[in-house]
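Subject: Structure handover

Hello,

Here is the structure I said I would pass on. Please open it first; my notes on what was found follow below.

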Amino acid sequence: MRIDLHAHSTASDGTSTPAELVAEAAAAGLDVLGVTDHDTTSGWAPAAAARPAGLTLVPGAELSCRWSGGPFPISLHLLAYLFDPTDPALASELARVRTARETRAEGIVGLLNAGGIDVTWDEVLQDAAGGTVGRPHLAQALIRRGLVTTVSEAFEPQWLGRRYRLPKEDLDVFAALRLVVAAGGVPVFAHPRASKRGPVVPDSLIVEMAAAGLFGLEADHTDHTPQEQAEIHALAHRLGLVTTGSSDYHGTNKTVRLGARMTTPETLDQITKAAHGTTPIG
């Protein structure tokens with residue numbers, strides 16, 4: 001089986017609609033796809049409605065989290081699988097984070113305008129198309145003006161990486177773990193060693209997260225070096241956690257394709273058995 005448990009649609013910062021995403025997954029030869037948009041479940045229903053025969057969907061979300069226990073706060077992402085989307089506590093926190101993301105993005109438009117760049121808030125909202133607003137939508141505005149050529153370039157320090165950047169409001173990672181588990185979901189730490197994205201958390205934090213309900217680590221990811229992948233697999237084995245592999249697909253916002261990294265059927269079975277919020281579709 002070909003299983004990719006981490007993909008994004010236009011419900012957040014991907015470029016494929018949920019219907020297009022599931023069609024692309026089938027065309028890529030996947031058997032199972034995780035629909036994991038940032039801080040939202042709004043892509044679940046349209047993806048399920050358009051699901052091609054033979055493709056199983058694993059509903060999920062990628063939660064924006066933060067750890068503040070070190071010398072400076074570090075952002076991290078938590079993949080939550082098969083949770084109850086109607087759980088009041090989790091749904092409320094996800095709504096709060098989405099609103100904060102929108103406020104932050106509008107503030108960045110103000111910074112760009114002050115720097116002489118005529119990006120408009122209306123065009124950013126149009127790019128987001130009702131989904132969770134993120135920096136890739138701002139990047140598209142810069143690309144249209146010929147200021148950068150790719151989303152990756154737009155994330156460099158002279159643009160949205162530092163000069164035109166505002167902090168975002170995230171969930172405390174331990175609060176997020178509690179919420180996901182209480183909603184019947186299964187939490188997996190997304191790309192925990194992706195040092196090319198910025199500072200990463202120490203192993204000691206992952207040990208604490210495991211004691212607080214973390215179920216797995218996304219080990220096989222294109223932002224991990226082979227050495228980092230090996231380190232994550234070893235740590236997961238030591239802590240009794242599962243390991244997953246995923247593409248973290250964002251459509252044309254990134255060069256990574258669906259199925260670039262995959263999860264074993266045995267791991268998917270463990271995740272499914274541990275969940276009691278909802279079930280795979282298909």
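Helices here are DSSP runs of H or I with at least four residues, and strands are runs of E with at least two, numbered from the N terminus. On that basis, the chain has eleven helices and eight strands. Please keep in mind that this is a predicted model.

Overall form

A compact globule of 282 residues would have a radius of gyration near 19 Å, and the chain agrees with this at 18 Å. Along the principal axes, its C-alpha atoms fill a box of roughly 55 × 45 × 40 Å. Of the 282 residues, 51% count as buried. The exposed surface comes to about 11600 Å², with carbon and sulfur atoms supplying 55% of it. Taking contacts between residues at least 6 apart in sequence, 69% join residues at least 24 apart.

The record

UniProt, in an unreviewed entry, lists residues 3-67 as "domain: Polymerase/histidinol phosphatase N-terminal". In the model, this span is 25% helix and 32% strand, and its end C-alpha atoms lie 30 Å apart.

Nonpolar cores

In soluble globular proteins, nonpolar side chains tend to be buried together. In this chain, the largest nonpolar core has 45 residues. Those with the most contacts inside the core are Leu33, Leu63, Leu78, Met209, Leu214 and Leu217. Helix α8, residues 173-182, gives the most to this core, with six residues. There is also a second, separate core of 20 residues, which includes Ile117, Ala139, Leu142 and Val148.

Leu33 is worth a look on screen. Leaving out residues up to four places away in sequence, Leu33 touches Asp4, Ala7, Leu21, Val22, Ala25, Leu55, Thr56, Leu57, Val58 and Leu258.

Helix α11

Which residues of helix α11 (265-274) are buried? They are Thr267, Leu268 and Ile271. Seen down the axis of α11, the buried residues fall within an arc of 100°, so they line one face of the helix. On the other side, Glu266 and Lys273 are exposed. The cover over the buried residues of α11 includes strands β1 (3-7), β2 (32-35), β3 (56-67), β4 (74-81), β6 (186-189) and β8 (242-245).

Single residues

Thr36 is in the loop between β2 and α2 (44-49). Thr36 counts as buried because its relative accessibility is 0%. Apart from residues up to four places away in sequence, the residues that Thr36 touches are Leu5, His6, Ala7, His8, Gly60, Ala61, Glu62, Leu79 and Tyr81.

Arg238 sits in helix α10, residues 226-239, and is exposed, with a relative accessible area of 58%. Between Arg238 and Val207 there are 9.7 Å in space, C-alpha to C-alpha, while they are 31 residues apart in sequence.

Two backbone angles also came up. Most residues other than glycine have a negative phi. Ala129, although not a glycine, has a positive phi of about 55°. Ala129 is found in the loop between α4 (121-128) and α5 (135-144), and is exposed, with a relative accessible area of 60%. His191, again not a glycine, has a positive phi of about 30°. His191 lies in the loop between β6 and α9 (203-211). Is His191 buried or exposed? With a relative accessible area of 9%, His191 is buried.

Regards

Terms used: Residues numbered from 1 in each chain as written. Predicted model: local features only at pLDDT ≥ 70, side-chain atom pairs only at ≥ 80, totals over all residues. Heavy atoms only, no water. UniProt positions renumbered as here; feature names shortened; annotations may be inferred. Core = buried A, V, L, I, M, F, W, Y, C linked by side-chain atoms within 4.5 Å. Buried < 20%, exposed > 50% of the residue type's maximum accessible area, 1.4 Å probe, protein only. Contact = heavy atoms within 4.5 Å. Rg over C-alpha atoms; globule rule 2.2 N^0.38 Å. Areas by Shrake-Rupley, 256 points an atom, 1.4 Å probe, with all protein chains shown as cover. Arc of directions from axis to C-beta.
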